[in-house]
Amino acid sequence: MAQDALAQSIQGTIDVPPIQYAALSPIIIVFGVALAAVLIDAFASARTRRLLQPPLAAVGFAVAFVAVVLLHGQRQILAAGAVAIDSPTLFLEGAILLFAFLAVLLVAERRLDSSGGAIVASAAVTPGSPGATAARTSAAVQTEVYALMAFSVAGMLLFVSANTLLVMFVALEILSLPLYLLAGLARRRRLLSQEAAMKYFLLGAFSSAFFIYGLAFLYGYAGSVDLGRIADAAGTATANDTYLYLGMALLGIGLFFKIGAVPFHSWTPDVYQGSPTPITAFMAAGTKVAAFGALLRVFYVAFGGLRWDWRPTVWTIAIMTMVVGAVLALTQRDIKRMLAYSAIAHAGFLLTGLAAANSDGLRGSLFYLVAYGFTTIAAFGLITMVRTADGEASDLSQWQGLGRRSPVLAGIFAFLLLALAGIPLTSGFTGKFAVFQAAVAGNATPLVVVALVTSAIAAFFYVRVIVLMFFQEPVMDGPIVVTRPTLTYAAVGVGAIMTLLLGVAPQPLLDLAGTAATSGFVR
């Protein structure tokens, strides 16, 4: 009787919000995959884990992508205002799931060398210890990588769809914490990998602190963490405008860190270099889409009415990001660090779309994110196939004459580099043209001029690698190109084909991005 009375009392005082499970199905599916992966790691044998985890992750991401496609056209606020489903959100979720699927293929590759892949056999073994050498050549693999990837992808999906800053912060932590661990799981160069993980964790903690501090100021200003209510409050003049601008600045710092914008970029080259290369590809594509998706939602929804206040700051950050990324990439000798600074420069190019502050800027940004993601996953996948006795051939000098040893692989890599440089008939050219055109329409022509100059600078270090591969003599005892990695071939092939298609026939994706941008974010 007492329990029945308590239940009735609870039912009378707690308003349980309706949950639209079908609309939330992509996020629920990926969380389900993550939990299933944890259970498999807990109860299955090592051999069973190695057999089940890759297809579970790949199939789960594919099913979630189908769920996103089936939600096309929906536009609603879910879960008591916590999550928003609209065309830009579904576009970003689809891109994240596509890149996660390709990243699983790279992670699952077991034919790169005799050691059995890029992921460490046992992350608990101390580098330099007697067991470290045995772990490097062991056929075992730390299968928890798939559960961590699934949790991170689920966080990314929630991050781009969060309609309140509190849910966005929770999603930020869900996507970030697994990445800190994944960065430290490289099979070779264990100390470098663990250093990357530690730097990423410490700097990520700082960025999270800035984000939550900004959230607190905005809550103090608007009395709500809902993006729409913050926008409503920002449209009225009050005595607490200081809280509004402090909150906007601190929140921006947390988001600019995740996209690797200058001056919040220092983690990027170290983490890209030290992480397992498949994980670097996953971060370079998926994390950038998620972070930019959240950034676009916050600035278009919560701060859309303040665009004349934040546009000068975005201009400044975009210029610094493009210049620093392009110039410092010129000095790099490690190919992964070079691509890391390239990623920083591309973050600056993407910020020109945000600086446009119009629907064309949103359309261009959405297209650019997809185009860049396919290209960068293919580029990092190719890097895993060029190897020496110590692992991947990361020093640029080792790529000398590669075009004579393996003309097909070198040709594909040259094509991808030209796409990153923005050469016509590649996806990179179309993406840059879309965001630059939007910036010009948004009266940001000086920003476009800077972007064109830095694009010319960036082209130099891409062409330098092409010259090394095709116009230099091969080095003695140079690297070999692995010819057996089927899964890596598939990921690289998809990325290269999409890079070509989005260059020569970009209109279908541009139309899809345009439809999403015209529909806009729901609030």
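I497 lies in helix α20. Helices here are DSSP runs of H or I with at least four residues, strands are runs of E with at least two, and both are numbered from the N terminus. This is a predicted model, in which local features need pLDDT of at least 70, side-chain atom pairs count only at pLDDT 80 or more, and totals for chains, interfaces and linings use all residues. Residues are numbered from 1 along each chain as its sequence is written, and side-chain values use heavy atoms, with hydrogens and water left out.

I497 is exposed, with a relative accessible area of 52%. Exposed means over 50% relative accessible area, buried means under 20%, and partly exposed is in between (1.4 Å probe, protein chains only). I497 belongs to a nonpolar surface patch with L425, L500, L501 and V504. Together they have about 460 Å² of accessible area. Such a patch takes residues with over 30% relative accessible area and no salt bridge; nonpolar side chains (Val, Leu, Ile, Met, Phe, Trp, Tyr) are joined within 5 Å, like charges within 9 Å. The areas come from the Shrake-Rupley method with a 1.4 Å probe, and for residues only the protein chains shown count as cover.

Most residues other than glycine have a negative phi, and most peptide bonds are trans. L425, from the patch, has a positive phi of about 70° although it is not a glycine. L425 sits in the loop between α17 (407-421) and α18 (427-441). L425 is exposed, at 58% relative accessible area.

A79 is not a glycine either, yet its phi is positive, at about 55°. A79 is found in the loop between β1 (76-78) and β2 (83-85). The peptide bond from V262 to P263 is cis, with omega near 10°. P263 lies in the loop between α10 (241-259) and α11 (267-274).

## Two pockets

Rolling a probe the size of a water molecule over the atoms shows where empty space is left. On a 1 Å grid over the protein atoms alone, a pocket is an open set of points with protein on both sides within 12 Å along at least five of seven lines; a cavity is a set where a 1.4 Å probe fits but cannot get out; lining residues have an atom within 4 Å of a point. Grid points are joined across faces, edges and corners, and a volume is the space filled by probe spheres set on the points.

The largest pocket holds about 390 Å³ of space. It has 20 lining residues, and F65, L90, F91, G94 and L512 are the closest to its centre. α4 gives the most to this lining, with 6 residues. The lining of the largest pocket has 15 nonpolar residues, 5 polar and no charged. In this count Ala, Val, Leu, Ile, Met, Phe, Trp, Tyr, Cys and Pro are nonpolar, Asp, Glu, Lys and Arg are charged, and the others, Gly among them, are polar.

The second largest pocket has about 290 Å³ of space. Among its 17 lining residues, R50, P54, A108, R110 and Y146 lie nearest the centre. α3 provides the largest share of this lining, 6 residues. By class, the lining of the second largest pocket has 13 nonpolar, 1 polar and 3 charged residues.

## The largest cavity

The structure holds 3 cavities of 30 Å³ or more. The largest cavity contains about 250 Å³ of space. It is lined by 21 residues, and A186, R188, R189, T277 and E392 lie nearest its centre. α11 and β4 (391-392) each supply at least two residues of this lining. The lining of the largest cavity divides into 5 nonpolar, 8 polar and 8 charged residues.

## Salt bridges

Side chains of opposite charge can pair when their charged atoms come close. There are 7 salt bridges in the structure. Each has a side-chain nitrogen of Lys or Arg within 4 Å of a carboxyl oxygen of Asp or Glu. R297 and D86 form one of them (3.2 Å, N to O). R297 is in helix α12 (residues 277-302) and D86 in the loop between β2 and α4, 211 residues apart. Both R297 and D86 are buried.

D232 pairs with R523, with the closest N and O atoms 2.4 Å apart. D232 lies in helix α9 (residues 227-234) and R523 in the segment after α21, 291 residues apart. D232 is partly exposed, at 48% relative accessibility.

R337 and D270 also meet in a salt bridge (2.9 Å, N to O). R337 lies in helix α14 (residues 335-356) and D270 in helix α11, so the pair ties together parts 67 residues apart in sequence. R337 is buried, with a relative accessible area of 18%. A network of salt bridges links E195, K199, D270 and R337.
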